[in-house]
Structures are given as structure tokens and as C-alpha cells.
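Subject: Structure handover

Hello,

Here is the structure I said I would pass on.

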Amino acid sequence: MTSLSARVVAYASVREFVPLYGLYALLFEDHGLDTRSISSLFVLWSVVAFVSEVPSGAWADTVSRRGLLFGSGALLTAAFTMWLVWPGYWGFALGFVLWGISESMKSGTFEALVYDELAARGCEHRYAAIMGYANAGEMTCVFVAILTAAPLFELGGYALVGWVSVAITVVDIALVGTLPAAPKVEEADEIAGRGDTVLVRYMSSLRAGTSEIRTDRVVRRSVVLAAALLACLAFDEYFALLARESGAETGFVPVLVALTAVGQVVGAATAGRTATVSGRTMGAVVIVGSALIAGGALAGGIAGFTAIGVGYGALHNTAIVAEARLQDTMSGRARATVSSVVGLTSEVLSVAVFAAYAIGSLWLPMAALVAVTVLPLVGLGVVAPRLLPAARPAGTERER
């Protein structure tokens, strides 16, 4: 189990060690884009991701999941390279198209690969903890990468920050080969015995996944909750602009943004401990976390970004727990497909967030925009007790 955890955490973490994360919004702004133009890029990113999300999930239930992760890594490398060789609106747009497809190929695929490997070992109850460690590793790398962006920018500007990021994505592609390849719920020999073609298996997985969401109320509610919580994490795309608006110099912006990553590290790392939390407790955490983000945005500075980090970490924790409950709830025959529907729904909600920022920027400063756009999370906190499935005791199967 330790070896599996280490491999999962290493792959997930290195993929997020991207110094560009701390500065790319400023890269766009310094190449002549305003908040509306930048938001349009984020919208494009989300639209591409949700259009390709479910189809890629069905492929992950059909073909090699590791193969899809290899392809995802290659597209991510191409996306950041595009920004560096064509630093204009259309170059940034094409990069986001590639990044959106890359994320959809990973979303659902990675989670299903890990869960099925644990299922093969009879350790499904460890899923929340391992994914929590993986997410903590991701956020730790984001934190370190963002801090690294400041000295890299001083040494070589956006070019050095960008090419170091590209090099790291290449390393992560190599780490895909270390991931396990557990059999899916529907064994390969069973499929081969039926003589199905790849296309037939693909359509079967697509139908099975979407049918399970339509017909199973518990799964459907779990999908809605997990997707809504994941969509909350779209706010971080504007943290660099928020820091600059509050008066921070470009070189200090990554430091403030890194404070939010610290909160996410703690929130993710404790997901194993909160895996059995009740719906009422989760709702309270969501409401408090939202208030901290809103208050921190209005306060600004180190204190404000510290509050944002705590609130963001709390939301990150609830998102991991909700996704783990979904994995326990579904049947598993189209695991990646169902997981991808979560990604699809969260991307649709993210588009609404980005659109709100694009329109709201005409009248409101960034601090007010952040505060206003977290208000709907209060409503999510209120309904969370109804949407979150009960925790399943270790070693038991869900009754159907």
C-alpha cells in the first residue's frame, strides 16, 4: 500500500509543479489582455474541457487508462509551449484548448485507476486518504512552484518561468509508467469472450455511466455535490489579479497566492480523517469556508490571503470527501464515465463563474467580485446534508 500511495502521490504532485501557475494571469495581462479577455480564455478552457469530459471518461472505461494519462501529459506540455512561442490572445487560446482536452483525459481516468487498484486489493476504504495525500502533494508542489516563480521571474522573466514549467511536465509524463494498471470491474477476458469491438465497448461504457446517474438517486445527488464543490476551486484563477489589485508587486504576488496553496495542502492532507464526516458538518464547513474567502478578499494583504487559504483549504477537503463518497456509491462498471460527469458538471458551473467575473469586472473591483461570487456557496452548504451519501463502513458493499 505504501508503494501504491507513493506512486500515486508522485505522479499527481509533479504534474502540479508548474511555476507558471503563479504568474500566467499576469502574463496575459502584461501582453495586453484585460479582465474580460482573460475571463474569455478561462471560459474557453472550461468549454473545451466539458465538451470532451464525458467522451474521454468513457474511453477510460474502454481502453488503457495509463495510455490516456500519457496523452494527457503530452497535451499539457504542448499547451504551455504554445503560450511561450505565441504569446498573444490566440496563442493563449490554443494553449487553453490543449490544456482543456488534457484535463478531461485525466479527469475521471486517474480517479478510476486508483479506486479500481484499491478495489483489487480490498482496500477501497483507503481511497479518501490516498487521494487526500495526492491532493496535498499537488498543493505542496503548487505552493513551492509558485514561490519558485518569483526568483525565476527575476532571473529570466516569463520565458524562464515558462520553459521550466514545460520541462517539469515532460518529467511527469515519464511518471505515468510507474502507475498501476488494475483490471476494470468488467474483466478483459469477459470482454474478449463476447468479441466486442472497441467502439461497442465504448458505447456500452457511455450508456452504463449515464444510465446509472439517471436512475440512481443517490449517485445523482453525489455527482451534483462533488461537481459543485469542485467548481468552487475555480476562484483561484483570479487570486493573482486580486493580489496585484491590493497593491502587491509582481514579484510578491506568487508569495500571496502561495498562502492559499498552504490551506489547500492542509485541507487535502486531512481528507482521510474527515472521510466519514456527516452531511450537516460538511454543510457548516462549506459555509464557514465561504465566509473566510469573502472576508479575506475584502481585507487583502497577508492577513486577507491567509483567511482565503483557510477557507479554500476547507472547501478543498469537502470536495475530496464528496468525491470519495461518490466512488463508494457507484456500481463501478463505468467508474471513469461517472467520474467524468462530475468533471463535466463542474466545468459548466466554472463557466458560470468565469462569466460572472467577466461581466462583473465592468462595475466591481476584483475584491468585491470574489466576495460576491462565493455567496452561492452558502446555499450549497445548506443543502449539503441532503446531497452527501452516508459513509460506508470499511469492508462492506453498498446495498442496491
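This is a predicted model: local features need pLDDT of at least 70, side-chain atom pairs count only at pLDDT 80 or more; totals for chains, interfaces and linings use all residues.

Residues are numbered from 1 along each chain as its sequence is written, and side-chain values use heavy atoms, with hydrogens and water left out.

Cores. A nonpolar core here is a set of buried Ala, Val, Leu, Ile, Met, Phe, Trp, Tyr and Cys residues joined through side-chain atoms within 4.5 Å. Buried means under 20% relative accessible area, exposed over 50%, and partly exposed in between, with a 1.4 Å probe and protein chains only. The largest nonpolar core has 93 residues, and Tyr24, Phe28 and Trp99 touch the most other members. A second, separate core has 19 residues, among them Leu4 and Phe110. Contact means heavy atoms within 4.5 Å. Beyond residues up to four places away in sequence, Trp99 touches Tyr21, Tyr24, Trp45, Leu76, Ala79, Phe80 and Trp83.

Helix pair. Helices are DSSP runs (H or I, at least four residues), numbered from the N terminus. The axes of α7 (residues 127-175) and α14 (residues 301-329) come within 10 Å and cross at roughly 145°; axes are lines fitted to C-alpha atoms over the stretch in contact, and angles run from 0 to 180 degrees between N-to-C directions. On the α7 side the contact includes Tyr127 and Met139, and on the α14 side it includes His316 and Gln327. For α14, 24 of the 29 residues are buried, so this helix is largely enclosed by the rest of the structure.

Two residues. Tyr238 lies in the loop between α10 (217-232) and α11 (239-245). Tyr238 is buried, with a relative accessible area of 0%. Leaving out residues up to four places away in sequence, Tyr238 touches Ser39, Phe42, Phe354, Tyr357 and Met366.

Thr109 belongs to helix α6 (residues 109-120). Thr109 is also buried, at a relative accessible area of 0%. Apart from neighbours within four places in sequence, Thr109 is in contact with Ser56, Ala60, Arg65, Leu68, Leu69 and Ala336.

Regards

Conventions
Helices (H or I, at least four residues) and strands (E, at least two) are DSSP runs, numbered from the N terminus.
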